[in-house]
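Q: I would like to learn how to read the side chains in a protein model. Could we go through it together, one feature at a time?

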Amino acid sequence: MLDFDTCNAARLRRDPAFDGVFFIAVKTTGIYCRPVCPVKPPLTRNVGFLPSAAACEAAGYRPCLRCRPETAPFCPAWKGTLSTVERALKLIEDGALDHAPVAALADRLGIGSRHLSRLFATHLGASPRQVARTCRAHRAKRLIDNTALPMADISVRAGFRSLRRFNASFLDLYGRPPSSLRRPAR
């Protein structure tokens with residue numbers, strides 16, 4: 001956390017470089033703001049500085065209706081739909097689409113499957129299924145490089161439903177069968 005004088009100077013300047021870095025808690029009103037809030041600055045003796053919106057709310061302050069501190073940079077609301085895509089990517093990396101449909105992933109995120117597909121097209125230029133397929137192929141490639149497991153075991157551990165899909169995905173992605181990617185034993 002920055003020192004009081006640095007935060008206070010940034011608050012008085014309404015410095016956008018500090019937006020999301022700290023929040024201003026106004027003791028007299030019980031409201032917390034962002035450093036860029038357009039309202040008349042409160043007196044210095046009436047303010048405190050906290051590192052996050054959550055810390056302000058835990059201390060009993062409520063968000064300013066003017067600057068909307070809950071939408072400060074680095075919070076999910078600031079990212080908009082990108083935060084939903086990031087959550088979906090994390091779930092896909094953890095195997096959410098290995099044995100479940102896109103609709104199940106969309107339900108976990110609280111949105112419709114068509115909307116999820118649109119978000120992926122907008123932010124990534126690919127469908128959730130295509131992203132999941134790429135993640136499975138990368139998992140399998142790491143296993144091929146780092147283990148001596150048989151290809152059938154690698155396909156199961158990487159999340160492929162069958163050895164046939166595993167081989168087809170590698171042919172599409174790398175233009176060769178997965179066994180040709182294995183380094184010869186020394």
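A: Happy to! A search of the whole structure, which is a predicted model, finds seven aromatic pairs.

Q: How are the rings of F18 and F22 placed, and what is the pair called?
A: Two things count here: how far apart the ring centres lie, and the angle between the ring planes. Planes under 30 degrees apart count as stacked, over 60 as edge-to-face, and the rest as tilted. For F18 and F22 the centres are 5.9 Å apart and the planes meet at 55°, so this pair is tilted.

Q: Where do F166 and F170 lie?
A: Both belong to helix α9, which covers residues 163–174. They are four residues apart, about one turn of the helix.

Q: Which residues do ring pairs link into a cluster?
A: Ring pairs can join up into a group. Here they link F4, F18, F22 and F49.

Q: Which residue lies over the face of F160?
A: A ring can also have a charged side chain over its face. In this model that is R136, at 5.7 Å from the ring centre of F160.

Q: What is S169 in contact with, leaving aside its neighbours within four places in sequence?
A: Setting those neighbours aside shows which residues from elsewhere in the chain meet it. For S169 they are R133 and F160. S169 itself lies in helix α9, and its relative accessible area of 2% means that it is buried.

Q: Where does D19 lie, and is it buried or exposed?
A: D19 sits in the loop between α1 (4–13) and β1 (23–26). Its relative accessibility is 8%, so D19 counts as buried.

Q: What does the side chain of D19 make a polar contact with?
A: For this feature we look at pairs of N or O atoms. The D19 side chain makes a polar contact with the side chain of R34, at 2.4 Å.

Definitions and conventions
Residues are numbered from 1 along each chain as its sequence is written. This is a predicted model: local features need pLDDT of at least 70, side-chain atom pairs count only at pLDDT 80 or more; totals for chains, interfaces and linings use all residues. Side-chain values use heavy atoms; hydrogens and water are left out. Rings of Phe, Tyr and Trp (its six-membered ring) pair if their centres lie within 6.5 Å; planes under 30 degrees apart count as stacked, over 60 as edge-to-face and the rest as tilted. Helices (H or I, at least four residues) and strands (E, at least two) are DSSP runs, numbered from the N terminus. A charge sits over a ring if NZ of Lys or CZ of Arg is within 6 Å of the ring centre and within 35 degrees of the ring normal. Buried means under 20% relative accessible area, exposed over 50%, partly exposed in between (1.4 Å probe, protein chains only). Contact means heavy atoms within 4.5 Å. A polar contact is a pair of N or O atoms within 3.5 Å; within protein, one must be able to donate a hydrogen and the other to accept it, and residues adjacent in sequence count only if both atoms are side-chain atoms.
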